[in-house]
Amino acid sequence: MAAPTDKITADRPEGAPVVDFDLSTHNSMESSNAAWDALRTTAPVAWSDDNGGAWIVSSYDAVTEAFRNTDAFKSGRAVRGRPGPGGDPGLMPMNAVPAKTTSLMIPEELDAPLWHPYRRVFANLLSPRGVEALRPRITYWVTKLLDDVIESGHCDIVETLTSGVPGAVILEWLGFPEEDWHRLSAAFHNMSSYIEGAPDAQHYLDELEWAFQRIREEVTVVRAEPRDDITSFLANTVVDGERTSYEFATGMVNMAMSGGVDTTTSVASAAFVHLHRYPEDRQRLIDDPELIDSAVEEFLRVYPPARTHGRTVVEDTEIGGFTLRKDDRLIISEVSACRDEAAFPDAEKFVIDRFPNRHVAFGIGPHRCPGSHVARAMFKEMLVQVLERIPDYRIVEDELDEYPNWTALGGWSRAPITFTPGTRRL
Amino acid sequence: MRIHVQADRCQGHARCLAEAPEVFQLNELGYNTTDVDDVRPELQTKARRGVLSCPELALTIVED
């Protein structure tokens with residue numbers, strides 16, 4: 001919680017409000033959200049000695065300002081003051097707090113100018129027009145995976161649909177063999193939610209390492225002999241007339257897979273839990289399907305998958321009246337910005353037709369999630385088909401499992417449902 | 001009614017396109033770089049929604 005602390009570190013900046021804010025202690029959405037609300041309303045820009053010592057930026061205005069200032073706040077993997085690929089892997093942009101090493105993510109962990117050509121590759125592939133090419137596959141996989149369970153009257157909607165659909169769509173697009181899909185999806189899904197020191201943590205880390213190993217193997221194969229798939233396209237990216245390095249090629253596929261397979265899962269699972277708990281919202285969407293587009297945005301605002309990101313300060317820069325010093329780390333909270341009353345009246349309420357809804361669930365500024373359009377397309381198709389085909393589903397509450405860790409990502413590990421059996425479409 | 005695009009602010013969220021596909025055009029990378037010279041009266045409500053939806057505040061309405 002945001003309470004004064006007596007701990008002293010040499011790093012602590014003079015004059016900054018010092019709070020005790022350990023992100024990793026929050027093991028439920030409710031407690032994590034409450035902590036962010038308390039912090040934001042008392043100290044929207046604050047210093048915490050936790051998490052290795054870092055600024056925490058939590059108001060909508062400060063968050064959007066920080067994300068947009070890519071000259072001062074860098075995304076490159078860093079030791080303090082030395083951002084850039086090849087730095088100490090402990091501090092990564094997607095891990096606000098020091099975390100286990102994972103493979104490089106391109107372009108998320110690059111800064112301009114190196115970032116530009118790699119961002120262009122993803123922007124082009126995943127533009128609204130690019131996503132149109134994927135739409136038939138999205139419809140197919142939602143239909144097929146619902147078909148697989150619809151006659152039974154029960155399933156785990158996370159495994160079947162919200163994890164299953166992004167896994168199938170993204171891994172098919174990338175060209176990974178179907179026998180790998182389930183294990184790869186599970187590896188990223190479990191990585192999002194493991195707790196350091198928990199009994200199964202080592203297993204999840206081993207599985208994640210296996211996933212990165214599979215990526216390295218496929219990249220090696222398609223750099224020697226390209227196939228007609230996105231892994232081949234990414235792995236053979238040409239920048240300034242030369243094919244990119246093997247390290248960057250794997251980094252691009254790492255990014256596409258880890259960004260693609262489990263993030264949409266988080267918000268879609270949250271939406272199905274929400275519609276179980278708030279039947280009046282479910283009924284409104286059934287009665288008026290035109291509300292689905294605004295509902296998608298409001299689900300994103302209220303249940304943003306990525307809750308925080310980290311950056312490194314490379315030049316002294318003022319935010320919210322305080323000077324963030326060169327070499328400081330900062331933690332930027334998307335979830336807190338999305339809950340800021342100053343930007344969203346009645347922010348604590350789910351308002352199905354909220355407008356405008358300039359949420360930051362996909363981040364903001366140049367590093368805005370380039371997969372947002374495909375994420376929205378997958379999420380919307382899941383919502384549409386569930387409300388059409390199994391509109392009376394109920395969640396088995398006592399078997400519902402939240403992620404045990406709401407630091408960087410939030411979500412549901414498991415959400416068993418029952419429903420009136422329906423008919424297959426394929 | 002015209003709409004001015006601050007192209008250096010656009011980050012490709014494409015919320016303008018979602019609100020008013022008849023009004024806004026994105027380039028091949030999904031970014032909006034083109035001012036809209038004349039919004040037809042029947043599209044002005046949708047166009048205003050597109051402007052208000054931009055999370056980067058990249059769009060401004062210029063009334064004639």
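## Arg284(A)

Arg284(A) sits in helix α12 of chain A, which covers residues 279-287. Helices (H or I, at least four residues) and strands (E, at least two) are DSSP runs numbered from the N terminus. Arg284(A) has a relative accessible area of 40%, so it is partly exposed. The scale is simple: buried is under 20%, exposed over 50%, partly exposed in between (1.4 Å probe, protein chains only). Ser413(A) is 129 residues away from Arg284(A) along the chain, and their C-alpha atoms are 27 Å apart.

This is a predicted model, with pLDDT of at least 70 for local features and 80 or more for side-chain atom pairs, while totals for chains, interfaces and linings use all residues. Residues count from 1 along each chain as written, chains are lettered from A and ligands numbered from 1 in written order, and side-chain values use heavy atoms, without hydrogens or water.

## An enclosed helix

Helix α6 of chain A spans residues 164-174. Of its 11 residues, 10 are buried, so the rest of the structure largely encloses α6(A). The buried residues include Val165(A), Val169(A), Ile170(A), Leu171(A), Trp173(A) and Leu174(A). Gly164(A), Pro166(A), Gly167(A) and Ala168(A) are buried too.

## Aromatic pairs

Over all chains, the structure holds 12 aromatic pairs. One of them joins Phe299(A) and Phe350(A): the ring centres are 4.7 Å apart and the planes meet at 40 degrees, so the pair is tilted. Here Phe, Tyr and Trp (six-membered ring) pair with centres within 6.5 Å; planes under 30 degrees apart are stacked, over 60 edge-to-face, the rest tilted.

The two partners come from distant parts of the chain, 51 residues apart. Phe299(A) belongs to helix α13 (residues 292-302) of chain A. Phe350(A) is in the loop between α14 (334-338) and α15 (372-389) of chain A. Both Phe299(A) and Phe350(A) are buried. Elsewhere, Trp47(A), Trp55(A) and Phe322(A) make up one aromatic cluster.

## Strands and sheets

In chain A, three strands form an open, antiparallel sheet in the order β7-β17-β14. Its edge strands, each pairing on one side only, are β7 (154-156) and β14 (394-395) of chain A. Strands pair when DSSP finds at least two bridges between them. Three bridges link β7(A) to β17 (residues 416-418) of chain A, in the antiparallel sense. Within this pairing, Cys155(A) faces Ile417(A) in β17(A).

Chain B has its own antiparallel pairing: four bridges join β1(B) to β2 (residues 59-62) of chain B. Arg2(B) stands opposite Val62(B) in β2(B). Strand β1 (residues 2-5) of chain B shows two faces. Ile3(B) and Val5(B) are on the covered one. Arg2(B) and His4(B) are on the uncovered one.

## Cavities and a pocket

On a 1 Å grid over protein atoms alone, a cavity is a set of points where a 1.4 Å probe fits but cannot get out; a pocket is an open set with protein on both sides within 12 Å along at least five of seven lines; lining residues have an atom within 4 Å of a point. The largest cavity has a lining of 14 residues. Nearest its centre are Cys10(B), His13(B), Ala14(B), Cys16(B) and Cys54(B). The second largest cavity is lined by 13 residues. Nearest its centre lie His359(A) and Arg376(A), along with His13(B), Arg15(B) and Pro55(B).

The second largest pocket has 27 lining residues. Asp293(A), Glu297(A), Arg15(B), Ala18(B) and Glu19(B) lie nearest its centre. Several helices each give at least two residues to this lining: α4 (128-150), α13 and α15 of chain A, plus α1 (15-19) and α2 (44-53) of chain B.

Two cis peptide bonds stand out. One joins Ile106(A) and Pro107(A), with omega about 15 degrees. The other joins Ala112(A) and Pro113(A), with omega about 5 degrees. Pro107(A) is in the loop between β6 (82-83) and α3 (115-125) of chain A. Pro113(A) also lies in the loop between β6 and α3.

Asp240(A) is not a glycine, yet its phi is positive, about 50 degrees. Asp240(A) occupies the loop between β8 (238-239) and β9 (242-243) of chain A. Its relative accessibility is 79%, so Asp240(A) is exposed. Ala14(B), also not a glycine, has a positive phi of about 65 degrees. Ala14(B) is in the loop between β1 and α1 of chain B. With a relative accessible area of 8%, Ala14(B) is buried.
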